[in-house]
Amino acid sequence: ARYNVPGALYPNIFVNGYSVDTKKPVEWKYKGGTYYPANITVQQNFLRVLVGLTNLTGEPKYRTAAEEQVKWWFTNPDNSDKNGLLYAGEHSFVCVKTGKILSYNEHEMKQVFPYYDFMYEVEPEGVKRYMEACWNSHVIDWSNLSMNRHGYYNKAMSNMWDSEYTDPSVDFNNGRSLSFQNAGDDLINYAFFIADKTGEEGPRIWGRRMLQKYIDTVNPVTGLSGAQYGEQATGDRLYLQYGPEFGELAKEYNYINKYKIKTIAGFAPQYLLEYAQKMNDQEIMDYVVNSIEGTAKHVYNAETNKLETPMWSDGTSLQGYVTKRAGYHGVKGKTLPSSGENVHTDVLLGTLKAYFATERETLWQFARDMGKGFGLGDLGTKPGENVNLTMETEATDPQIVFSLLNLYNETGNKD
């Protein structure tokens with residue numbers, strides 16, 4: 001994955017892809033140029049594989065190669081802005097041939113959850129600096145934790161953990177607020193990670209404050225939330241489009257679709273369960289469990305393995321709804337999806353992790369239903385009991401592989 005780039009300035013750095021058939025790296029052609037992208041954000045599972053190979057075989061060369069990448073990314077000053085914010089993520093990369101940075105001058109990383117335990121072991125100072133730079137870049141107003149999934153490079157450093165927090169509400173108005181939880185999860189994870197590794201209290205406090213914003217948008221009856229808070233200067237975009245018909249229910253933090261479910265029942269549990277246990281925080285644990293059980297009860301259809309979305313968080317269906325005016329969801333007269341949306345495989349992994357943390361039978365049944373829906377067969381009446389997997393399944397999604405590995409690690413059942 002790191003060779004066959006003729007004349008590369010960085011010949012030992014992994015590119016983002018490599019063809020096993022042609023033995024050539026991927027190329028990105030743009031405006032007449034050819035680039036060989038390196039982006040550590042999309043290489044995290046490959047790093048896990050390399051470390052795993054060393055653990056499995058005893059050969060140090062695999063882990064050594066992974067360490068080389070981490071050291072280069074976090075010690076080469078050309079790879080980041082003045083604050084240590086890497087030119088990586090969804091809008092930036094480094095060309096290994098020329099060293100050129102290609103970027104929209106915006107940093108964005110959503111639910112990546114990199115291999116930070118390993119990277120911190122290799123380059124603790126660089127990783128911590130990067131995490132702090134992410135918070136500085138994405139938080140717009142520390143007084144109310146208004147944030148945007150797009151962060152700016154080379155932004156002046158704020159007071160960070162020493163800032164004042166005066167507005168814990170979820171309905172504040174801010175011109176650039178785009179507080180999608182799929183971006184907020186990374187920031188919360190960074191804050192809890194720093195606190196866990198260094199013992200600093202500031203990051204833990206601020207991470208918990210941001211998480212509370214999302215918790216406070218949860219519908220108390222269904223356990224569902226739209227994974228967002230705050231609104232832009234012009235107002236809540238969904239209230240402007242749907243408010244006359246649905247009133248205060250028509251808020252972005254009340255809107256549920258497959259992406260919101262992927263966040264609250266899939267990705268968020270994968271890191272929050274660990275911190276809920278470490279911090280002995282029952283509210284976090286309840287938030288995770290209620291989000292998944294709410295999905296199983298109010299959103300998921302086991303017969304079709306689909307989500308009955310879109311809907312509002314109180315369970316009010318929006319399937320087949322015809323918009324009365326133009327707005328965030330498009331033109332007047334647009335028909336919203338009417339036949340359900342596919343459930344993401346991350347929800348299976350999140351549900352299994354939540355089950356093994358709580359042993360709630362409802363969670364196991366939800367995982368069992370999804371297992372059948374994804375073509376895996378029957379995960380069993382209970383873990384390790386009456387298992388009947390489909391050994392010739394065509395399911396190849398990486399999250400399904402992680403789900404099965406999680407199941408094996410918890411039960412020791414190879415079948």
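## The second largest cavity

Four residues, the largest share of the lining of the second largest cavity, come from α5. This cavity, found in a predicted model, has a volume of about 50 Å³. Its lining consists of H107, M109, C134, H138, R149, A183, D186, L187 and Y190. By class, the lining residues of the second largest cavity divide into five nonpolar, two polar and two charged.

## The largest cavity

The count of cavities of 30 Å³ or more comes to two. The largest cavity has a volume of about 70 Å³. Among the residues that line the largest cavity are I40, F74, L86, M109 and Y130. The lining of the largest cavity divides into nine nonpolar, two polar and no charged residues.

## The largest pocket

The largest pocket holds about 1,300 Å³ of space. Its lining is made of 41 residues, and those closest to the centre are R48, F113, Q270, L349 and K353. Several elements give two or more residues to this lining: α1 (44-57), α3 (116-122), α5 (181-198), α8 (258-278), α10 (346-358) and α12.

Helix α8 provides the largest share of the lining of the largest pocket, with nine residues. Sorted by class, the lining of the largest pocket has 19 nonpolar, twelve polar and ten charged residues.

## The second largest pocket

In the second largest pocket there is about 440 Å³ of space. Of the 21 residues that line this pocket, F180, N257, Y259, K260 and Y328 lie nearest its centre. Both α5 and α8 supply at least two residues of the lining, and α8 gives the most, with three residues. The lining of the second largest pocket has nine nonpolar, six polar and six charged residues.

## A nonpolar patch on the surface

V401, F402 and L405 form a nonpolar patch on the surface, and together they have about 240 Å² of accessible area. F402 belongs to helix α12, which spans residues 398-411. Helix α12 is also one of the elements that give two or more residues to the lining of the largest pocket.

F402 counts as partly exposed because its relative accessibility is 30%, and this class lies between buried, under 20%, and exposed, over 50%.

Methods: Residues are numbered from 1 along each chain as its sequence is written. This is a predicted model: local features need pLDDT of at least 70, side-chain atom pairs count only at pLDDT 80 or more; totals for chains, interfaces and linings use all residues. Side-chain values use heavy atoms; hydrogens and water are left out. Patches are made of residues with over 30% relative accessible area and no salt bridge: like charges are joined within 9 Å, nonpolar side chains (Val, Leu, Ile, Met, Phe, Trp, Tyr) within 5 Å. Accessible areas come from the Shrake-Rupley method with a 1.4 Å probe; for residues, only the protein chains shown count as cover. A salt bridge is a side-chain nitrogen of Lys or Arg within 4 Å of a carboxyl oxygen of Asp or Glu. Buried means under 20% relative accessible area, exposed over 50%, partly exposed in between (1.4 Å probe, protein chains only). On a 1 Å grid over the protein atoms alone, a cavity is a set of points where a 1.4 Å probe fits but cannot get out, and a pocket is an open set with protein on both sides within 12 Å along at least five of seven lines; lining residues have an atom within 4 Å of a point. Grid points are joined across faces, edges and corners, and a volume is the space filled by probe spheres set on the points. Ala, Val, Leu, Ile, Met, Phe, Trp, Tyr, Cys and Pro count as nonpolar, Asp, Glu, Lys and Arg as charged, and the others, Gly among them, as polar.
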